[in-house]
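Here are some exercises on helices and charged pairs. Try each task yourself before you read its solution.

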Amino acid sequence: MEIIEKQNLFELLSDNGEVIGEMNYMNMKNSIIITHTGVALDYRGQGLAEKLVLAGIEKARHENIKLGATCPYAAEYFRKHKEELTDILK
């Protein structure tokens, strides 16, 4: 599997190149806001949504910007891991 970044979007591709998940975000001034995270039904329960959120975290750290979420999955992930994300959370 591979995660690729497009404009305001990370896509998760299966080994055969099929899009099986995505995470959408909005660029704001000095931050990004995750608005949606989704994984195809056949691939749920494998930690793939977390991999997409981790890609957003990596982007925020790499670009030295803040990170927020309106996406329920990402917001819950941030609540559970707030101690390790204090450097980037809005």
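Let's start with a worked step: Arg-61 counts as partly exposed, because its relative accessibility is 38%, between the 20% and 50% cut-offs. Keep in mind that this is a predicted model.

**Exercise 1.** Find the salt-bridge partner of Arg-61 and say which parts of the chain the pair ties together.

*Solution.* Step 1: look around the side chain of Arg-61, and you meet Asp-87 in a salt bridge, at 2.9 Å from N to O. Arg-61 lies in helix α1 and Asp-87 in the segment after α2, so the pair ties together parts that are 26 residues apart in sequence. Step 3: check the partner's surroundings. Asp-87 is partly exposed, with a relative accessible area of 44%.

**Exercise 2.** Work out how Glu-63 and Lys-59 are placed in helix α1, and decide whether Lys-59 is buried or exposed.

*Solution.* Step 1: their side chains meet in a salt bridge, 2.7 Å from N to O. Step 2: the two residues are four apart in helix α1, so about one helical turn separates them. Step 3: Lys-59 has 11% relative accessibility and is therefore buried, as the cut-off is under 20%. Glu-63, at 40%, is partly exposed.

**Exercise 3.** Compare the span of helix α1 with its expected value, then list what its buried residues pack against.

*Solution.* Step 1: α1 covers residues 48–63 and reaches 23 Å from first C-alpha to last, close to the expected 22 Å. Step 2: its buried residues include Leu-52, Val-53 and Ile-57. Step 3: the buried residues of α1 pack against β1, β2, β3, β4, β5 and α2.

Terms used: Residues are numbered from 1 along each chain as its sequence is written. This is a predicted model: local features need pLDDT of at least 70, side-chain atom pairs count only at pLDDT 80 or more; totals for chains, interfaces and linings use all residues. Side-chain values use heavy atoms; hydrogens and water are left out. The expected span of a helix is 1.5 Å times one less than its number of residues. Buried means under 20% relative accessible area, exposed over 50%, partly exposed in between (1.4 Å probe, protein chains only). Contact means heavy atoms within 4.5 Å. A salt bridge is a side-chain nitrogen of Lys or Arg within 4 Å of a carboxyl oxygen of Asp or Glu.
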